[in-house]
Amino acid sequence: MTAELLVDMADLRRPGHPATRASTRLKPRRVEPLRALKALRRLIADKEDTTQVFEIMNALAGGSLRRGYQRLLEDSEGARQAFLMGELADRLQDREWLETLPADSVGAAYLAFIDERNLSAYGLADESRKVADTEIEAAHPHAWYARRLRDVHDIWHVLTGYRTDALGEACVVAFSLPQTRSPGFGLIAAGVAIQFARARTGHPCARSVLEAFGRGRRAAWLPALDYEALLAEPLVAARTRLGLAGATLYDRVPPEFRNAYHGAA
């Protein structure tokens with residue numbers, strides 16, 4: 001037995017590797033609009049209650065993960081990523097590696113982003129596991145794809161330029177809708193945009209959310225990217241390559257108004 005094979009087998013035994021998860025057959029997801037609306041009300045009342053985001057996503061997922069995974073397989077780089085089945089949360093939790101990336105890179109910007117807000121990839125993963133009927137840790141390609149979409153969320157913040165205030169989160173969610181075709185993102189984006197419109201801040205808050213949706217439609221398809229390579233790429237160059245360069249309506253909203261939506265606690 002070669003040394004390389006021994007290393008590979010040891011890696012398979014590490015906690016969190018897909019091969020160590022319990023094998024399962026995912027059940028078809030029933031769409032539960034009432035459950036989603038109740039979770040949306042809780043999320044609007046407290047934007048920090050991240051668990052409600054996953055409640056909404058689970059309630060409205062339907063066949064979106066199956067369709068997204070199929071699209072991944074039809075993309076040459078996406079198919080390679082599906083074959084490798086890497087766990088992005090593990091890579092994004094590797095601070096020593098992130099600190100080796102160039103100062104102008106996507107990875108350096110990501111590290112600054114999570115440090116400023118005391119976030120972590122594993123923290124987001126823990127939130128996703130709090131939903132009672134979650135199957136996100138299953139040893140199944142669709143569950144792996146769901147984890148991938150979960151784990152790139154903060155990288156999409158960095159690429160799009162949206163912060164973690166209520167308006168910035170709504171914009172990332174609106175951007176994610178055409179990227180993932182997951183109805184849960186649509187409900188959250190629409191719900192928060194309506195609340196901003198009702199607040200009448202005098203700034204283009206609701207229009208920022210709509211613009212973010214358009215950016216998601218025009219941008220490259222981000223789920224298929226090689227994220228390890230992307231993190232080493234200069235941020236400005238990556239935004240240009242992916243169709244994400246330029247100022248946005250969100251930039252025109254003063255920071256003190258980005259949490260000023262109707263119904264906020």
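## Helix α14 and its cover

In this predicted model, the buried residues of helix α14 are covered by elements that include α11 (153-160), α12 (166-180) and α13 (183-199). The buried residues in question are Cys205, Ser208, Val209, Ala212, Gly214, Arg215 and Gly216.

Helix α14 itself runs over residues 205-218, and its 14 residues reach 20 Å from the first C-alpha to the last, which is close to the 20 Å expected at 1.5 Å a residue.

## The cavity

When the whole structure is searched, one cavity of 30 Å³ or more is found, and the volume of this largest cavity is about 40 Å³. Its lining is made up of Leu92, Tyr110, Ser120, Ala121, Leu124, Arg150, Asp151 and Asp154, and the elements that contribute two or more residues to that lining are α9 (121-128) and α10 (141-151).

## Ser128 in helix α9

Ser128 has its place in helix α9. Ser128 counts as buried because its relative accessible area is 2%, and the cut-off for that class is under 20%. Leaving aside residues up to four places away in sequence, Ser128 touches Phe54, Thr134, Ile136 and Arg150; Arg150 is also one of the residues that line the largest cavity.

## Ile155 in helix α11

Ile155 lies in helix α11, one of the elements that cover the buried residues of α14. With a relative accessibility of 0%, Ile155 is likewise classed as buried.

Residues up to four places away in sequence again being left out, the contacts of Ile155 are with Leu92, Val106, Tyr110, Tyr227, Leu230 and Leu231. Among these, Leu92 and Tyr110 also belong to the lining of the largest cavity. Leu230 is 75 residues from Ile155 along the chain, and the C-alpha atoms of the two are separated by 9.8 Å.

## The chain as a whole

The secondary structure of the protein chain consists of 16 helices and zero strands. Of its 265 residues, 47% count as buried, and the accessible surface of the chain comes to about 13,300 Å², with 56% of that belonging to carbon and sulfur atoms.

Conventions:
Residues numbered from 1 in each chain as written. Predicted model: local features only at pLDDT ≥ 70, side-chain atom pairs only at ≥ 80, totals over all residues. Heavy atoms only, no water. Helix = DSSP H or I, 4+ residues; strand = E, 2+ residues; numbered from the N terminus. Expected span 1.5 Å × (residues − 1). Buried < 20%, exposed > 50% of the residue type's maximum accessible area, 1.4 Å probe, protein only. Contact = heavy atoms within 4.5 Å. 1 Å grid on protein atoms, 1.4 Å probe; cavity = no way out; pocket = protein on both sides within 12 Å on 5 of 7 lines; lining within 4 Å. Points joined across faces, edges and corners; volume = space filled by probe spheres on them. Areas by Shrake-Rupley, 256 points an atom, 1.4 Å probe, with all protein chains shown as cover.
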